[in-house]
Amino acid sequence: MWVYEKKLLYPVEVTTCNPKLARYIMEQYGGADGELAAALRYMNQRYTVPDKVIGVLNDIATEEFSHLEMLATMIYKLTKDATPQQMEEAGLAGHFANHGHALFYENANGVPFTTTYIQAKGDPIADLYEDIAAEEKARATYQWLIDLSDDPGLTDALRFLRERENVHSLRFRESVEILKDERDRKKIF
Amino acid sequence: MNEFEEERLMMQRVQEADFVVVELTLYTNTHPNDEEALDQWREAIKEAARLRRQYENRYGPLSLYSIPSEQAIEVGWRWNQPPWPWQR
């Protein structure tokens, strides 16, 4: 089970209303390489991996949900005071027509989230390689978002998230090595 | 420092301490024999619990696993009360 913590993993400071930036950040909210995809992918893979790597998948999945909340906070703060005209100028007229000021799991171009973004292969090495790729793609997306951001508070939080992708990628790489070592030991004895 | 800034500072300390636990938990997941890291991890959990207690005594529980302090009850703390994290 999960227990809600009434705090963010890391503070999200937004300087001004900026729906355009919110739209870009939606790529990491409901996009193919985003946090929702990451959280759901790892949470679902954890049932069928060897015991030694369950913790990594469980704990990274849990952290991804806290990243998702940080992104939601960014999008919410960047759009909550936006007029319909400002939403339209930011390319969010379609979003506004469908969702108003609500958030939705979609990418920067309004394509709704789909589980076809994620896989569970039932093969731990195949799954972990997908996870490493997912972290690297997310890291790259955060870099592009940092390049697009002109809000210093937001950039700070995006940098934190980019660094977390690096750490997660490293932990998944170590998990692959742990499984390979175990496999090789079984061959010897 | 006013009341608002004080609360933010204490919240930040909780966030920092909790983050150390998150990071060391992930590290020790893949380095189960690193005794130094395991020591740091246990210490980090203690420190995070200490700072959380300090915060919660004053401002009320951050989760429903903490017992509301008398001080928090006196000032009218309720779980279903803003600000939620995205409203801060």
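How many helices and how many strands does chain A have?

Modeller: This is a predicted model, and what follows should be read with that in mind. Chain A has seven helices and zero strands, and its elements accordingly run α-α-α-α-α-α-α from the N terminus on. Along the principal axes, the C-alpha atoms of chain A fill a box of roughly 70 × 30 × 30 Å. The chain has 189 residues, of which 40% count as buried. Among contacts in chain A with a separation of 6 or more, 77% are between residues 24 or more positions apart.

The largest nonpolar core has 39 residues. Those with the most contacts inside this core are A:I25, A:Y29, A:M70, A:L71, A:M74, A:I75 and A:A157. Two or more residues each are given to the core by helix 1 (19-30), helix 2 (35-45), helix 3 (51-79), helix 6 (124-148) and helix 7 (152-188) of chain A. Helix 3 of chain A supplies the largest share, eleven residues. A second, separate core has five residues, A:A82, A:A90, A:L92 and A:F96 among them. As a general point, nonpolar side chains in soluble globular proteins tend to be buried together.

A:Y29 can be followed individually. Apart from neighbours within four places in sequence, A:Y29 is in contact with A:G34, A:E35, A:L36, A:L71, A:A72, A:I75 and A:Y105. Of these partners, A:L71 and A:I75 are also listed with A:Y29 among the core residues with the most contacts.

Helix 1 of chain A also packs on helix 6 of chain A, at an angle of about 170 degrees and with the axes 10 Å apart. Because angles over 145 degrees count as roughly antiparallel, helix 1 of chain A is roughly antiparallel to helix 6 of chain A. From helix 1 of chain A the contact takes A:Y24, A:I25, A:E27 and A:Q28, and from helix 6 of chain A it takes A:A138, A:T141, A:Y142, A:L145 and A:L148. By type, the residues of this contact are six nonpolar, two polar and one charged.

A:H99 gives another point of reference. It is found in helix 5 (residues 93-99) of chain A. A:H99 and A:I25 are 74 residues apart along the chain, and their C-alpha atoms are separated by 17 Å.

As for the partner, the contact between the chains takes 23 residues from chain A and 17 residues from chain B. The side of chain B that touches chain A has eleven nonpolar residues, six polar and no charged.

Within chain B, helix 2 (residues 35-59) has 25 residues. From its first C-alpha to its last it reaches 36 Å, close to the 36 Å expected at 1.5 Å a residue. B:A48, B:R52, B:Y55 and B:E56 are buried in helix 2 of chain B, and what covers the buried residues of this helix includes helix 1 (3-30) of chain B. Just after helix 2 of chain B, B:G60 takes a positive phi of about 100 degrees. Further along, B:P82 and B:P83 are joined by a cis peptide bond with omega of about 0 degrees. B:P83 lies in the segment after helix 3 (70-74) of chain B.

Technical notes
Residues are numbered from 1 along each chain as its sequence is written. Chains are lettered from A and ligands numbered from 1 in the order in which they are written. This is a predicted model: local features need pLDDT of at least 70, side-chain atom pairs count only at pLDDT 80 or more; totals for chains, interfaces and linings use all residues. Two residues are in contact if their C-beta atoms, placed from the backbone, lie within 7 Å. Ala, Val, Leu, Ile, Met, Phe, Trp, Tyr, Cys and Pro count as nonpolar, Asp, Glu, Lys and Arg as charged, and the others, Gly among them, as polar. Helices (H or I, at least four residues) and strands (E, at least two) are DSSP runs, numbered from the N terminus. The expected span of a helix is 1.5 Å times one less than its number of residues. A residue is buried if 20 or more other C-beta atoms lie within 10 Å of its own, exposed if 12 or fewer, and partly exposed in between; C-beta atoms are placed from the backbone. A nonpolar core is a set of buried Ala, Val, Leu, Ile, Met, Phe, Trp, Tyr and Cys residues joined through C-beta atoms within 7 Å. Axes are lines fitted to C-alpha atoms, for helices over the stretch in contact, and angles run from 0 to 180 degrees between N-to-C directions. Angles under 35 degrees count as roughly parallel, over 145 as roughly antiparallel, 65 to 115 as roughly perpendicular and the rest as oblique.
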